[in-house]
Amino acid sequence: KLQFLYLIGKSARSSTMTQGWRDVARGFLQDPAAPLHWDAMNFIDGEFVPAADRRTLDVVAPAIGRRVGTIPRSGAADVARAVAAAEKAGTGVWKEFTTAERAQVLMRASKLLQEKLEDLAALESLDQGKTVGMAKMIDIPRSASNLQFFAGELQHSRNDSTQMPGQTQSHALNYTDHKPVGVVGLVTPWNLPLYLLTWKVAPALAMGNTIVAKPSEMTPFTATVLASILQEAGLPKGVYNVVHGLGQECGQAILEHPAVKAISFTGGTATGRTVARTAAPLFKKLSLELGGKNSTIVFADCDFEKTLNGAVRAAFTNQGEICLCGSRLLVERPLYAKFVKAFIERAKAFVVGDTRQATTQCGAVNSEMHMKKILSYIRLAEELGGTIECGGFAKPALEAPFDAGYFIAPTVVTGVAHDSRVSREEIFGPVVTVHPFDTAEEAVAIANGTEYGLAASVWTSNINTGHAVAQALDTGLVWVNCWLLRDLRTPFGG
């Protein structure tokens, strides 16, 4: 009887979780002023469960500035349970899956993401602050593509081998056999929640690893939904686990757990240093992606309209909350006045506000604290003698409930030194500093004058200039006459 009651409770909780996220997503689209609430749960060993001590954290929707749910405030005990489940699954049923069977799970999950596009886009918008259109165009489709790509990559990968001729008649054959690492910890940020999570989940599952994931406590919803989708796609229990909570509590417990063999972290540089300090003495495999301060380099011979479109898109996509955004605009002096004037006009024309509307181009930044940080950099720019050409303020005049959201108008700053804090530090918002240059060498020097080295874009009609500047830049990615074209076959990093 107790077992029967337990199964009823488990089934009811799973059903509530599945329907609950859809209700809040659709409710947001229909009437964002109405009550919206979803209590997301941890997902451990195939079950949705609260934290062991039942503590919770509030989830605030950035575009409407109010509480829309809770998540568990997990600690070491919850992480230990998730890791134990992942270990058991990794040495049990998941180990028996063939590469073809793992690929099938990923392909089914990709299809399910596509089928749920509308609801997932609304949920991601509610949770993160971005526009629904952005989530429909980029976040959800690319999440599905991540799963699809690594499913295909898995089925077409080959192991290396070499023949080693002997001195007499004996020969040797050396070959590489790739094995799962084991339990991997995935810690993901709040700017592209599902997109960046699936970018980690897909290769981890493709290679037969098991996962303990901790999404940002600021944007936890779609990571929880992904658990349901993977379960529906046929992933065995214990293979994918989600533990919600604070970085210094839940995240740190994942880093320190001896059975977690690898860590993939995307987030801020300061937190990345903590991750590295913790993981290094434990000899864990470690992947870090810690942001960027990227330059958009515009030469006078560029295609003007194409470059203007690209530079504006690079500056303000997702409210500037992408590590690849071009927040430093460098323009060759003969074109400087004309280009900057047109750029400012485009920025002024951006539609900011109701994230549900197709015409809205700029949503809310992710939190009130982050909004204050961005505004502090704008004030600093003024103190340093810069001119705020447009934007520079919070909460444009919006109708309720968006009048309570964390909105910042696209902001263009001129007249600050290229080596100032505003020009060199990552602001991670809709703020761009503009700088003239006279030679390609000067542009490269300015672009390289920051501790970040993730990406850049170069805009010119001279392909030789494009290649030469790309080679001289100390960045991992350089786009020439384009921006944010991503091929998952190419390396990513700075």
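This is a predicted model: local features need pLDDT of at least 70, side-chain atom pairs count only at pLDDT 80 or more; totals for chains, interfaces and linings use all residues.
Q: What is the phi of Phe283 near?
A: Phe283 lies in the loop between helix H9 (269-279) and strand S12 (285-289); helices (H or I, at least four residues) and strands (E, at least two) are DSSP runs numbered from the N terminus. Most residues other than glycine have a negative phi. Phe283 isn't glycine, yet its phi is positive, near 55°.

Q: How exposed is Arg54, as a relative accessible area?
A: Arg54 sits in the loop between strand S3 (47-49) and strand S4 (56-61). Its phi is positive, near 70°, though it isn't glycine. Arg54 is exposed because its relative accessible area is 59%.

Q: Which peptide bond is cis, with omega near 5°?
A: Most peptide bonds are trans. The cis bond, with omega near 5°, runs from Ala400 to Pro401.

Q: Which residue in S16 stands opposite Cys390?
A: S15 and S16 run antiparallel and are joined by 3 bridges (two strands pair if DSSP finds at least two bridges between them). In S16, Thr411 and Val413 point one way, Val412 and Thr414 the other, and all are buried. Opposite Cys390 stands Val412.

Q: Which residue of S17 stands opposite Thr411?
A: S16 also pairs with strand S17 (residues 431-437), in the parallel sense and over 3 bridges. Thr411 of that pairing stands opposite Val431.

Q: How many residues of S5 are buried?
A: Strand S5 (residues 66-72) is joined to strand S1 (residues 38-39) by 2 bridges, and the two run parallel. S4 runs antiparallel to S5, with 6 bridges. S5 is mostly covered, and its buried count out of 7 residues is 5.

Q: Which residue of S5 is the bridge partner of Val59?
A: In the hairpin of S4 and S5, there are 4 residues between the strands, and Gly65 takes a positive phi near 60°. As for Val59, its bridge partner in S5 is Gly69.

Q: Which word describes how H3 is set against H7?
A: Helix H3 (residues 99-115) and helix H7 (residues 221-232) pack at about 130°, with axes 8 Å apart; axes are lines fitted to C-alpha atoms, for helices over the stretch in contact, and angles run from 0 to 180 degrees between N-to-C directions. Under 35 degrees counts as roughly parallel, over 145 as roughly antiparallel, 65 to 115 as roughly perpendicular and the rest as oblique. So H3 to H7 is oblique.

Q: Which residues of H7 does H3 meet?
A: Contact means heavy atoms within 4.5 Å. On the H3 side, the residues are Ala109, Leu112 and Leu113; in H7 they meet Ile229, Leu230 and Glu232.

Q: Which word describes how H4 is set against H7?
A: Helix H4 (residues 117-128) packs on H7 at an angle of about 150°, with the axes 9 Å apart. That angle makes H4, relative to H7, roughly antiparallel.

Q: How far apart are the C-alpha atoms of Glu289 and Leu375?
A: Glu289 is in strand S12, and it counts as buried because its relative accessibility is 13%. Leaving aside neighbours within four places in sequence, its contacts include Phe265, Cys323 and Phe492. Leu375 is 86 residues away along the chain, and the C-alpha separation is 25 Å.

Definitions and conventions. Residues are numbered from 1 along each chain as its sequence is written. Side-chain values use heavy atoms; hydrogens and water are left out. Buried means under 20% relative accessible area, exposed over 50%, partly exposed in between (1.4 Å probe, protein chains only).
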